[in-house]
2 protein chains.
Amino acid sequence: MNYQSLSVAELSAERDRLQAAHREFCSHGLSLNMARGKPSPTQLDLSAAFLGAPHTHLSATGTDCRNYSTLNDLPETAALFSELLGVPEDYIIVGGNSSLNLMYDTLCRMLLFGTLGSEPWVHNKQRKFLCPAPGYDRHFAVTEALGFELITIPMTETGPDMDLVERLVAEDENIKGIWNIPLYSNPGGVVYSDETVERLARMKTAAPDFRIMWDNAYGVHHLYEPVALRDIFEACEQAGNLDRVFYFFSTSKVSFPGGGVAMMAMSPANKEEALRRISIQTIGADKLNQLRLLHNLPTAEAVHAHMRKQADLLRPRFEEVLTTLERELGDSGLAHWNSPRGGYFISVDVLPGCAKRVVALAREAGVTLTGAGATFPYKKDPKDSNIRLAPTYPGIEELRQAVDLFCLCVKLAGAEKLLAEAQ
Amino acid sequence: MNYQSLSVAELSAERDRLQAAHREFCSHGLSLNMARGKPSPTQLDLSAAFLGAPHTHLSATGTDCRNYSTLNDLPETAALFSELLGVPEDYIIVGGNSSLNLMYDTLCRMLLFGTLGSEPWVHNKQRKFLCPAPGYDRHFAVTEALGFELITIPMTETGPDMDLVERLVAEDENIKGIWNIPLYSNPGGVVYSDETVERLARMKTAAPDFRIMWDNAYGVHHLYEPVALRDIFEACEQAGNLDRVFYFFSTSKVSFPGGGVAMMAMSPANKEEALRRISIQTIGADKLNQLRLLHNLPTAEAVHAHMRKQADLLRPRFEEVLTTLERELGDSGLAHWNSPRGGYFISVDVLPGCAKRVVALAREAGVTLTGAGATFPYKKDPKDSNIRLAPTYPGIEELRQAVDLFCLCVKLAGAEKLLAEAQ
């Protein structure tokens with residue numbers, strides 16, 4: 001049923017029917033959560049062995065990982081990430097338990113020290129950052145808290161709107177960088193095209209210290225056959241802009257969220273500068289947790305095999321949501337959405353002006369969704385249209401209830417809106 | 001033999017004898033290290049159980065510690081630190097694996113945001129920090145890297161020279177803080193007297209946002225009966241300056257260096273501000289490692305029992321060094337030193353102008369000491385006199401060789417200097 005073509009009387013009847021169904025849902029006393037990209041307990045059980053002791057406390061080179069050593073000194077961790085991600089091993093800095101923390105600290109260093117001879121960014125009161133949206137709320141929050149003006153860049157099916165990006169960075173030297181989740185973006189599931197990656201790598205920037213924040217959070221998180229991503233380092237090197245990119249990854253969604261190992265990678269010049277500064281900040285990351293990772297997943301193939309087991313758990317959840325969306329909303333004219341091939345989210349666009357209403361209706365019935373607007377800078381979706389669904393945490397049966405309710409709320413909010421417009 | 005009272009001829013003969021003995025040492029091909037405050041492998045073996053899996057992945061309140069949750073959300077970790085250190089539980093923020101990192105980040109927040117309404121410190125180009133010396137080189141390096149001018153404050157037997165501290169902070173609003181290791185200071189082993197703590201708490205500061213960095217690194221690291229330290233929070237609260245202090249601790253030298261759990265504590269106003277900012281930086285610290293700590297050391301008494309076992313290993317090392325220093329140098333007139341009751345270091349003052357020479361002579365013979373000057377701001381000991389000995393890592397037999405050589409080097413450098421002065 002296409003709601004857009006209903007008469008006012010039909011819409012009104014439908015609205016009443018949906019309201020009754022919504023009241024019925026409210027009486028069930030549901031308490032479900034589709035808000036956060038968290039693994040389910042079943043998925044975490046796949047990593048049970050990671051909780052235990054590593055088989056040895058010695059590194060491959062004989063370092064006693066129970067003791068102080070020096071920064072970035074467990075070469076086998078970098079070697080694993082290098083093999084896994086196709087990033088040169090000598091570009092890698094292994095961090096603690098949080099890639100978000102590495103990103104925040106990287107930007108703090110830019111603010112306090114500048115980079116490779118540039119002025120500290122903190123002295124530039126007009127500093128700005130490009131935020132492809134819908135995107136990851138925590139990225140946007142970092143640059144907002146650090147005093148950047150956030151510039152929204154519309155996301156397309158091949159990545160950020162590169163015509164707009166190129167124009168802005170060429171003319172405004174206060175634009176210091178751009179956020180990216182290039183593979184299975186949060187929430188859109190977008191995979192950057194080769195052309196997008198190459199344009200980011202070679203575009204002319206007014207700021208000589210412009211930086212690409214390349215958060216490859218879902219770099220090995222395929223739901224189906226792996227999708228290839230153009231090598232950002234290679235593209236930047238070919239364009240003569242090797243220092244332009246800061247690359248991030250973590251095993252938070254390989255083993256345990258907040259209990260894994262994070263890394264970043266950057267050009268030799270950037271890395272030398274970063275290590276020099278980080279060596280003042282800390283003696284080193286937790287090497288014992290790196291050993292736990294290495295002993296359970298010693299090779300890239302072991303990681304991929306582990307991730308295939310996770311995909312076997314995640315795929316039915318995604319397909320449950322997508323099948324229901326198609327069945328309930330496919331011809332409604334009230335919503336469209338993506339069909340991601342990996343990552344943790346499904347992005348749904350409802351009728352403009354309806355997202356907050358949908359989230360509120362769902363909450364009334366006991367289903368928590370990501371707050372409407374959260375996927376945009378300043379938490380303000382200009383169209384009030386985008387909603388992020390996170391199907392990974394609930395069990396299949398709970399998910400079924402939650403997505404049924406979600407579709408009902410989309411229809412109810414849509415009918416309300418169309419009625420208001422018709423009157 | 002008091003070298004100060006020898007004739008030139010006697011000194012010359014002694015110098016020749018010492019040079020021959022030094023050459024003999026050099027031929028032994030030693031390779032020993034007394035430079036860093038690292039536990040020995042035997043000491044780390046005491047914590048073997050900490051490598052393994054915690055008994056459960058659930059917190060006391062049912063949080064699945066394998067998954068994302070929110071910042072500072074494992075109350076039992078804060079409860080343990082509160083019981084252990086006598087710090088109010090609701091002042092505590094639990095961090096990652098490094099208290100140094102917490103200190104660095106805390107100062108970065110002051111630089112970028114100011115605190116409780118004050119101007120960001122980064123905009124004050126004349127910012128300064130007080131550095132009681134001899135002290136911890138990594139503290140000084142943090143404030144140097146963050147753009148503070150470092151002001152050396154002489155250490156006394158009861159803490160920093162408080163007459164000087166009080167005068168400086170009262171007259172210079174650019175002085176933003178002071179470093180402290182109040183219990184068994186690095187390297188002097190100094191325990192701050194109650195009066196020192198109270199004067200720090202109540203002194204008038206020209207800067208309203210002056211901060212005490214209170215690194216209680218050796219808070220439970222007693223070699224003999226525990227020594228009490230005046231409660232800094234209580235003293236600050238009584239003086240109406242509760243927001244003045246940032247308190248730090250970690251289990252790096254309880255379980256594994258760089259593999260333990262760090263914490264900080266601060267007034268409710270400071271904590272609210274810090275958590276608000278840290279919640280942008282990271283989703284949270286590694287809770288699984290907190291569970292490992294909690295399951296092995298569930299109570300303060302369990303920690304104290306564990307630390308007594310470590311003290312049983314450390315005490316003979318310290319006593320070996322102190323006995324040899326007394327025997328070889330006690331009446332030499334060439335050195336004086338402390339006899340610490342806890343912590344990780346012994347601080348030796350040799351004749352002015354001799355510390356670099358002693359370290360170089362020891363290195364020639366294969367014994368690495370902490371670099372001369374490292375215990376002072378900018379790595380410059382104005383008297384070239386202080387040397388930090390770290391007796392914790394080598395085995396007893398190695399330590400005996402190393403400290404024998406050290407005493408020889410002190411005597412040789414001393415004889416050289418006295419001869420040069422006499423000629």
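This is a predicted model: local features need pLDDT of at least 70, side-chain atom pairs count only at pLDDT 80 or more; totals for chains, interfaces and linings use all residues.
Where they touch, domain 1 of chain A contributes 26 residues and domain 2 of chain A contributes 27 residues.

On the domain 1 side, two elements of chain A give two or more residues each: helix H11 (300-329) and strand E13 (386-389). H11(A) gives the most, with seven residues. By type, this side of domain 1 of chain A holds 13 nonpolar, eight polar and five charged residues.

## Two helices packed in chain A

Two packed helices are described by the angle between their axes and the distance between the axes. For helix H1 (residues 8-26) and helix H13 (residues 396-422) of chain A, the axes come within 9 Å and cross at roughly 145°. The crossing of H1(A) and H13(A) is left-handed.

The residues that H1(A) brings to this contact include A:Leu11, A:Leu18 and A:Phe25. Among those on the H13(A) side are A:Leu405, A:Leu412 and A:Leu419. The contact of H1(A) with H13(A) consists of 12 nonpolar, three polar and four charged residues.

## Where chain A meets chain B

In the contact between the chains, 42 residues of chain A meet 42 residues of chain B. Several helices of chain A each supply at least two residues to its side: H2 (41-45), H4 (99-113), H5 (137-145), H9 (268-281) and H10 (287-296). The largest share, six residues, comes from H4(A). The side of chain A that touches chain B has 22 nonpolar, 13 polar and seven charged residues.

## The nonpolar core

In soluble globular proteins, nonpolar side chains tend to be buried together. Here the largest nonpolar core has 277 residues, and those with the most contacts inside it are A:Val350, A:Val358, B:Val350 and B:Val358. Leaving aside neighbours within four places in sequence, B:Val358 is in contact with B:Val350, B:Ile387, B:Cys409, B:Val410 and B:Ala413.

## A covered helix in chain B

Helix H10 (residues 287-296) of chain B is mostly covered, with nine of its 10 residues buried. The buried residues of H10(B) include B:Leu288, B:Leu291 and B:Leu294, and also B:Lys287 and B:Arg292. The buried residues of H10(B) pack against helix H3 (75-85) and strand E2 (92-94) of chain B.

## Two residues of chain B

B:Arg127 sits in the loop between helix H4 (99-113) and strand E3 (128-133) of chain B. Is B:Arg127 buried or exposed? B:Arg127 counts as buried because 21 other C-beta atoms lie within 10 Å, and the cut-off for burial is 20 or more. Not counting residues up to four places away in sequence, B:Arg127 touches B:Trp121, B:Gly147, B:Phe148, B:Asn174 and B:Lys176. B:Arg127 and B:Ile175 are 48 residues apart in sequence, yet their C-alpha atoms are 6.1 Å apart in space.

B:Glu273 lies in helix H9 (residues 268-281) of chain B. B:Glu273 is partly exposed because 19 other C-beta atoms lie within 10 Å, and a residue needs 20 or more to be buried. Leaving aside neighbours within four places in sequence, B:Glu273 is in contact with B:Thr115 and B:Leu116. B:Glu273 and B:Val87 are 186 residues apart in sequence and 19 Å apart in space, C-alpha to C-alpha.

Note on methods. Residues are numbered from 1 along each chain as its sequence is written. Chains are lettered from A and ligands numbered from 1 in the order in which they are written. Axes are lines fitted to C-alpha atoms, for helices over the stretch in contact, and angles run from 0 to 180 degrees between N-to-C directions. Helices (H or I, at least four residues) and strands (E, at least two) are DSSP runs, numbered from the N terminus. A crossing is left-handed if the near helix is turned anticlockwise from the far one by less than a right angle, and right-handed if clockwise. Two residues are in contact if their C-beta atoms, placed from the backbone, lie within 7 Å. Ala, Val, Leu, Ile, Met, Phe, Trp, Tyr, Cys and Pro count as nonpolar, Asp, Glu, Lys and Arg as charged, and the others, Gly among them, as polar. A residue is buried if 20 or more other C-beta atoms lie within 10 Å of its own, exposed if 12 or fewer, and partly exposed in between; C-beta atoms are placed from the backbone. A nonpolar core is a set of buried Ala, Val, Leu, Ile, Met, Phe, Trp, Tyr and Cys residues joined through C-beta atoms within 7 Å.
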